[in-house]
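Dear colleague,

Please find below the structure that I am handing over to you. My findings follow it.

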Amino acid sequence: MKHFYRKESLFFIWLLYFLFILGCAAQNEFKKGEKFARMNEWDLAVAHFQRACNQDQKNFEYKSSLKRAKVEAANYHFGKGKNFLKAKKYDDAILEFQLAVIYDPSHKNAKQLIKFTKDLKEADY
């Protein structure tokens, strides 16, 4: 009977250790996301916040930071798309507008400009 309790205790200790390591990994990813967000590197911030969320799916702070970073990334790519559109770099503009929609599927302006830019590109050829 003692042997069983020892195995059970060892399993419990390993489980706690694993959960601790997992929590540290999520926290490290979150801190990296915060660092990139402060630098306005939104693509990298999204990637790290997403990893933190994947590792700790119930953490509200991680989820809200990911959501904010996605909105910022969408707006960043939307702005780049508009600059490419002004420069008549239609393929680049379409790509940036598509990235904006990937980050924020509700970004109506980006969706509209994808169609508009494709129409301009066809008219130009």
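Two residues are taken to be in contact when heavy atoms of theirs lie within 4.5 Å. On that basis, and leaving aside neighbours within four places in sequence, Ala45 is in contact with Gly33, Phe36, Ala37 and Ala69. Please note that this is a predicted model.

Ala45 belongs to helix α2, where Trp42, Val46, His48, Phe49, Ala52 and Cys53 are buried as well. This helix covers residues 42-55 and reaches 20 Å from its first C-alpha to its last, close to the 20 Å expected.

The largest nonpolar core has 26 residues, of which Ala45, Phe49 and Phe97 touch the most other members. Two or more residues each come from α1, α2, α3, α4 and α5, and α3 gives the most, with 7.

The structure also holds 3 aromatic pairs. The rings of Phe30 and Phe49 have centres 5.5 Å apart and planes at 45 degrees, so this pair is tilted. Phe30 is in helix α1 and Phe49 in helix α2, 19 residues apart; both are buried. Phe78 and Phe97 form a tilted pair too, with 5.7 Å between the centres and 50 degrees between the planes. Because Phe78 lies in helix α3 and Phe97 in helix α4, the pair ties together parts 19 residues apart in sequence. Phe97 is buried, with a relative accessible area of 0%. Phe30, Phe49 and Tyr62 form one aromatic cluster.

Finally, His77 in helix α3 is buried, with a relative accessible area of 4%. Beyond residues up to four places away in sequence, His77 touches Asp43, Glu96, Leu99, Ala100 and Tyr103.

Yours sincerely

Notes. Residues numbered from 1 in each chain as written. Predicted model: local features only at pLDDT ≥ 70, side-chain atom pairs only at ≥ 80, totals over all residues. Heavy atoms only, no water. Helix = DSSP H or I, 4+ residues; strand = E, 2+ residues; numbered from the N terminus. Expected span 1.5 Å × (residues − 1). Buried < 20%, exposed > 50% of the residue type's maximum accessible area, 1.4 Å probe, protein only. Core = buried A, V, L, I, M, F, W, Y, C linked by side-chain atoms within 4.5 Å. Phe/Tyr/Trp six-rings, centres within 6.5 Å; stacked < 30°, edge-to-face > 60°.
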